Amino acid sequence: MEAILKRTAQRVHESEDEKLLIEQAQNGDREAFEQLVRRHDRDILRLAFHMLGNREEAREVFQETFLKAYRSLGRFRFESSFYTWIYRIATNVSLDHLRKRQTLKEEISYESDTEMHPDRPALKDTLAATTYYSNPERRLYGKEVGQKIQDALKTLSEKERLVFELRHYQGLRLKMIGEIMGSTEETAKNYLFRATQKLRAYLTNV
Amino acid sequence: MNVNCKDYQHQITLLLYNELDERTRGELELHLRECGVCKDAFESERAMHSVLAEDTPSWDVPSDLLLESRKALADALDRMENKRSWWRMPAFSVVFTPMRLLESAALITMGLALGVYVSNQQARVAPPVALNSSANSQSPAIPRNGTISNLQVINADPSTGQVELAGEVSQPLRFHGKIEDDTVRQLLFSALRDANNPGSRLKAVEVLSQKPTDESIEEALINALVYDDDPGVRMRAVEGLKTFANEQHVRAAFMHTLQNDENAGIRIAAIDALLARNAKDPELAQKLTEATKKDDNPYIRTKVLQFVGSTK
Ligand SMILES: [Zn+2]
């Protein structure tokens, strides 16, 4: 798999070849669309998995991202790279999900506060328990460090978290991150700076 | 700490992410040798990077999650397409130079559907057909032995007389070659994806699993194992993959089979392949226990128990 993945990564920027695939997909070639998906789907899934922190929502974000891309591919005008375009969709979908989850949590805590639903706090715990860090895969690794990093990441704002994710874990350049956010490289730099300051304070002093 | 130190500390972040140009980098490095405050900030930020690096392996996406997500997406696309099936172009079109929308007076787009005969691994490719029509030419060159189907008028503009059509041209194909040959492999992969033709998928998987020496073949077999609706095809894919059952991605595919394949025979083939190539692996034992805890097949459960015992 490693070799296959490396090959996939190398292909990412083979833009001429990709342009052709996009045109085929725009003309209704599903096979071409699936090839495009295969070039980027691992990256998109990783982004979704990191941002949402659990398998179920990661899968939902993954699917929503590519279905959106499928429906709107006809409007793709090669003004950005396909990679940037698909990342932009994925980050928007991820942020939507995070906001929805926030709303849900607020509703639940409101209901549990009213003590109308004694079973609701349990549901809230369930939500928390479905996070990435309670997945069995994670337990195999250093749980303490992992937990600490997770806690540190929670101190970041949504945008700081996103920029940090894209730069640190996805390895994207700040220039591209600016484009993905529909903003500038300078803005992305500032978010990254703020994120690293917070993480540094949390991870090296606690 | 001089007035510029705040700027330098911004640059430290960028330095560690390799986002500084050569000149700025040189200036910063010079400053770090002179300024204790910034040097401390640099060391602290570098320490943060090492803490983060300790946990990096756990940030990998589980392979089975990728497989699940791909499958769910493919199913969702299928459902969308069933609602407008004409939209679907033949699976083969990607192998060859595709038809493009031509920016000429009359736009005609055609997909090329090729019938593949995979018999004794011998087939011959007819040249792909690109159809286009300009204002000057009379009609597109439709191959003499080809047939057109699913013809659709996509756009028609009465004011200019421009028409855009889409459809499929089918023509027979024969191709001779060895499996090492890229075209042969691509044809076999196409045959393996031909949803309407399980017989040809079975033939293709048989041929491919004889010599799964190439990563692209391995990938195609994994896709067949995970996605194919036909149990015969999936069983053949297990056969082709079993010698690689110690490799991470093949293991992930087999785990997926154990958890999701309805066919007990295929699950049995997968567990046998996994156990034959992975001795005394406690991590695998744990995953297998997890994956098969709801399996109603006694053979599989016994095998897993034996394997778990062997790791203790
Ligand atoms: Zn300084």
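This tour moves through a predicted model, one selection at a time.

**Before starting**

Residues are numbered from 1 along each chain as its sequence is written, while chains are lettered from A and ligands numbered from 1 in the order in which they are written. Because the model is predicted, local features need pLDDT of at least 70, side-chain atom pairs count only at pLDDT 80 or more, and totals for chains, interfaces and linings use all residues; side-chain values use heavy atoms, with hydrogens and water left out.

**Stop 1: the two chains**

Colour the model by chain and select chain A. Chain A has eleven helices and zero strands; helices (H or I, at least four residues) and strands (E, at least two) are DSSP runs, numbered from the N terminus. Of the 206 residues in chain A, 49% are buried, where buried means under 20% relative accessible area, exposed means over 50%, and partly exposed lies in between (1.4 Å probe, protein chains only). Among chain A contacts between residues at least 6 apart in sequence, 63% join residues at least 24 apart; a contact means heavy atoms within 4.5 Å.

Now select chain B. Chain B has twelve helices and five strands, and 48% of its 312 residues count as buried. For contacts in chain B between residues at least 6 apart in sequence, the share that joins residues at least 24 apart is 60%.

**Stop 2: confidence**

Colour the model by pLDDT, the predictor's confidence in each residue, from 0 to 100. The model as a whole scores ipTM 0.76 and pTM 0.53. Chain A averages a pLDDT of 79, and 73% of its residues score at least 70. Select residues 110-141 of chain A: the pLDDT there is below 50, and this stretch has 47 contacts in the model beyond near neighbours in sequence.

The mean pLDDT of chain B is 75, with 70% of its residues at 70 or more. Where in chain B is confidence lowest, and where is it highest? The lowest mean, 30, belongs to strand β1 (residues 107-115), and the highest, 95, to helix α2 (residues 22-34). Select residues 85-140 of chain B, where the pLDDT is below 50; beyond near neighbours in sequence, this stretch has 145 contacts in the model. Where pLDDT is low, the predicted coordinates should not be read in detail.

**Stop 3: the zinc ion**

Select the zinc ion and display the residues that coordinate it. Which residues are they? They are B:Cys5 (SG), B:His31 (NE2), B:Cys35 (SG) and B:Cys38 (SG), at 2.1 to 2.4 Å. Donors are N, O and S atoms within 2.8 Å of the metal (3.2 Å for Na, K and Ca); water is not among the atoms, so sites may look incomplete.

The angles among the four donor atoms are 100 to 114°, and the site is tetrahedral. Four donors count as tetrahedral if all angles lie between 85 and 135 degrees. The ideal angle for four tetrahedral donors is 109.5 degrees.

Along the sequence, the donor residues are spaced C-x25-H-x3-C-x2-C. B:Cys5 in helix α1 (residues 5-16) and B:Cys38 in helix α3 (residues 36-54) of chain B are 33 residues apart, a pair that links distant parts of the chain. B:Cys38 is buried, with a relative accessible area of 0%, and B:Cys35 is also buried, at 9%. A search of the whole structure finds zero disulfides over all chains, a disulfide being a pair of cysteine sulfur atoms within 2.5 Å.

**Stop 4: helix α1 of chain B**

Select α1(B). Its buried residues include B:Cys5, B:Tyr8, B:Ile12 and B:Leu15.

Next, select B:Asn18, in the loop between α1 and α2 of chain B. The phi of B:Asn18 is near 60°, a positive value in a residue other than glycine.

**Stop 5: towards the end of chain B**

Select B:His256 in helix α9 (residues 248-260) of chain B. Is B:His256 buried or exposed? B:His256 is buried, with a relative accessible area of 7%. Leaving aside neighbours within four places in sequence, B:His256 is in contact with B:Leu67, B:Glu68, B:Val226 and B:Asp261.

Finally, select B:Lys280, in the loop between α10 (264-277) and α11 (282-292) of chain B. B:Lys280 has a positive phi, near 45°, and is exposed, with a relative accessible area of 60%.

Technical notes:
Four donors count as tetrahedral if all angles lie between 85 and 135 degrees; four count as square planar and six as octahedral if opposite donors are over 155 degrees apart and all others between 65 and 115; anything else is irregular.
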